[in-house]
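Q: Please take a close look at one part of this molecule, namely the salt bridges, and describe them in one connected account.

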Amino acid sequence: MAPLLLQLAVLGAALAAAALVLISVVAFITATKMPALHRHEEEKFFLNAKGQKETLPSIWDLPTKQLSVVVPSYNEEKRLPVMMDEALSYLEKRQKYGSDKVRVITLVKNRGKGGAIRMGIFSSRGEKILMADADGATKFPDVEKLEKGLNDLQPWPNQMAIACGSRAHLEKESIAQRSYFRTLLMYGFHFLVWFLCVKGIRDTQCGFKLFTREAASQTFSSLHVERWAFDVELLYIAQCFKIPIAEIAVNWTEIEGSKLVPFWSWLQMGKDLLFIRLRYMTGAWRLEQTRKMN
């Protein structure tokens, strides 16, 4: 009986190793190159208050504002106005900011959430750049918490640092409201993030993150994934470049209208996490120094 169990164990290990090799080969062969940092002609301009075209700035220009806010939006007619009202009201009360202008970048094709944010990042004027979700789930004044977290990381190596909003402190409450199946999916996803990509960050998916201009330029210039798992690769890149990261608890409320389908979206993100790790391990993807947009 013992020899049979040993043979089965050896066979299982061999099959697992063969499967890992096969998946690694598939990940390497199917790896796409770095998405071209290219704008279509229509994406190089925005309409000003007079309805006239103005050329968008570049993240490689000198900053002219203290803060830029990037909000990705796709079919957000219901949720976006509420979020924008709160954000603009808050910014107008802060003398050191002021709302200045809202600039809309209309993308020619759907680049995914990560791709849309990257286009906004590359058009930003701020010394610091905040990415925020259109649903307004995180209260906008919590940007002050991220600012403090960013400042606490000083001195910043090469002026690079990131502060991530986090909902990890709400985990017990969310578990009480979720089904066992969704809780299992959540824990599985967190384990894969920790095991494959990002150590030390409990909540990689909160859409409320503050970057120094240099950190945004470095990380988004190296980004491959443009869909839902882009946050994980972004923080993986940051840790590879040894950019300091602070995880800051923020106020968060679940807002109806999410486009994520729990099971299939988490399955897709799980596959993306595995492929992120394998593609960097096999050299299909390599980290490069900051690249300028064509």
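This is a predicted model: local features need pLDDT of at least 70, side-chain atom pairs count only at pLDDT 80 or more; totals for chains, interfaces and linings use all residues.

A: D133 counts as partly exposed, because its relative accessibility is 22%.

Helix α3 also contains R118. The side chain of R118 meets that of E226 in a salt bridge, at 3.0 Å from N to O. Because E226 lies in the loop between α7 (213-221) and α8 (230-240), this pair ties together parts that are 108 residues apart in sequence. Are the two partners buried or exposed, fully or partly? R118 has a relative accessibility of 3% and therefore counts as buried, since buried means under 20%. E226, at 21% relative accessibility, counts as partly exposed.

A further salt bridge joins D142 and K145, with the closest N and O atoms 3.7 Å apart. Here D142 is buried, because its relative accessible area is 5%, whereas K145 is partly exposed, with a relative accessible area of 34%. Elsewhere, salt bridges that share partners join E76, R79 and D135 into one network.

As for the general principle, side chains of opposite charge can pair when their charged atoms come close.

How values were computed:
Residues are numbered from 1 along each chain as its sequence is written. Side-chain values use heavy atoms; hydrogens and water are left out. Buried means under 20% relative accessible area, exposed over 50%, partly exposed in between (1.4 Å probe, protein chains only). A salt bridge is a side-chain nitrogen of Lys or Arg within 4 Å of a carboxyl oxygen of Asp or Glu. Helices (H or I, at least four residues) and strands (E, at least two) are DSSP runs, numbered from the N terminus.
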